[in-house]
Amino acid sequence: MQCGWSLLGPLQWIRYVNKQVKVKAGKDEEHRGWLLTVDPVSASLVLVNFLDQDVGGGRASVQAQDVGGGRASVQVVMGHAVQEVQVLQEADQETTERLQSSFLPPRSRPLAPEQLHQRRAGVRRWLEQNRVPVQEDGEELLVAGALTITAPYGPEDCCSSNQIILDRVQRLIQSQPAEPPIHSTAPPNHSAALPADQPIQRLIQSHTAPPADQSERSSCD
Amino acid sequence: MLITGGNKRLNMATPVSVLRLPKGPDPNSRGFDPKSPRFIALCRTSIPTSAVSEADVEQLPKEQHARSVLRESFLRCLLSVTNKKVQFHMYERVKVEATFGASDIDVMNFQVSDLHTPIGVQKEALIRCQDVISFSFDA
């Protein structure tokens, strides 16, 4: 039942990207939209219809959030169900840019160096208050020798190959109280997200055997 | 399937308890077992890299680059669907609405919450991608 779409390969699929296509799928479904991407694993097509443009066959929707300044309805057609793909038109520069920026994470304005420095110091202080070993390594923060935090030092900027540490540090940064004034002295044990008796070093030593660690913790109660 | 009265359809918000359907022939044979004949027949785990002949050796880096660009774009798209309401169009003209949870790496199954079905709202469900023709959401 599959047509050759799934067998075309990435080099062919990428030629369809940023074009307006008409896709026949299943028995009698037809979808139109701007092709954002094709998943190389499942050959699924991601079609975008901007709701403020008059695109033929575009689906009106009740709830839509802004996508790069407009509203969009997205249809994903599974590769195995595709019967036929037909190109209707090419995208102009504006539509291409809009498409490509639709799903990128929102880019905040780059911070000035002093702000970055303050932010870094703030995050570092918060981690230290929570008994997390952290070192400054140039522009980055090195946590417990296993995790790196790059500018602007938010939870999404944490980078580590250790899932447990990553999760803990992300939660910790997320729970950091906003903008603590530099001149105030925050209490040393201020709302640690980690339990006070479980410093992260113990976590690193025993991260390869988490069940043992948890059973130890429960027996301490 | 028991058809309830028309007015009962309005009260779809209460999740129904999980239905335990009868077991199939094998212990894991509800269609998800990778060793089941149905799975092997219908679900390839992934689309392999195209076979490289001598003439195509220089195409391989280009293909890999295209593949990674496409895949990254798709993964970002999946990231943005998380926790949004999506409508699944499946075979036999089945249209169901759910809140998207996650997909697995080979896009074989989708994990969804609050799946609205004709027999009630399933709190958590796994949808086989082979059964889905398309799904849509608002970005």
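Start in chain B and select Asn83(B), in the loop between helix H2 (59–81) and strand S2 (85–90). Helices (H or I, at least four residues) and strands (E, at least two) are DSSP runs, numbered from the N terminus. Asn83(B) is not a glycine, yet its phi is positive, near 65°. Is Asn83(B) buried or exposed? At 63% relative accessibility, Asn83(B) is exposed. The cut-offs are under 20% relative accessible area for buried, over 50% for exposed and in between for partly exposed (1.4 Å probe, protein chains only).

A note on what you see: this is a predicted model, where local features need pLDDT of at least 70, side-chain atom pairs count only at pLDDT 80 or more, and totals for chains, interfaces and linings use all residues. Residues are numbered from 1 along each chain as its sequence is written, chains are lettered from A and ligands numbered from 1 in the order in which they are written, and side-chain values use heavy atoms, without hydrogens and water.

Next, select strand S4 (residues 109–117) of chain B and S5(B); they pair antiparallel over 8 bridges. To pair, two strands need at least two bridges found by DSSP. A hairpin of 2 residues links S4(B) to S5(B). Find Gln111(B): Leu126(B) in S5(B) stands opposite.

S1 runs parallel to S5 (residues 120–128), joined by 2 bridges. Pro15(B) has Val121(B) as its bridge partner.

Finish in chain A. Select Pro152(A), in the loop between strand S9 (147–149) and strand S10 (158–160). A cis peptide bond, omega about -10°, joins Ala151(A) to Pro152(A). Tyr153(A) also sits in the loop between S9 and S10. Tyr153(A) has a positive phi of about 60° without being a glycine. Tyr153(A) is buried, at 2% relative accessible area.
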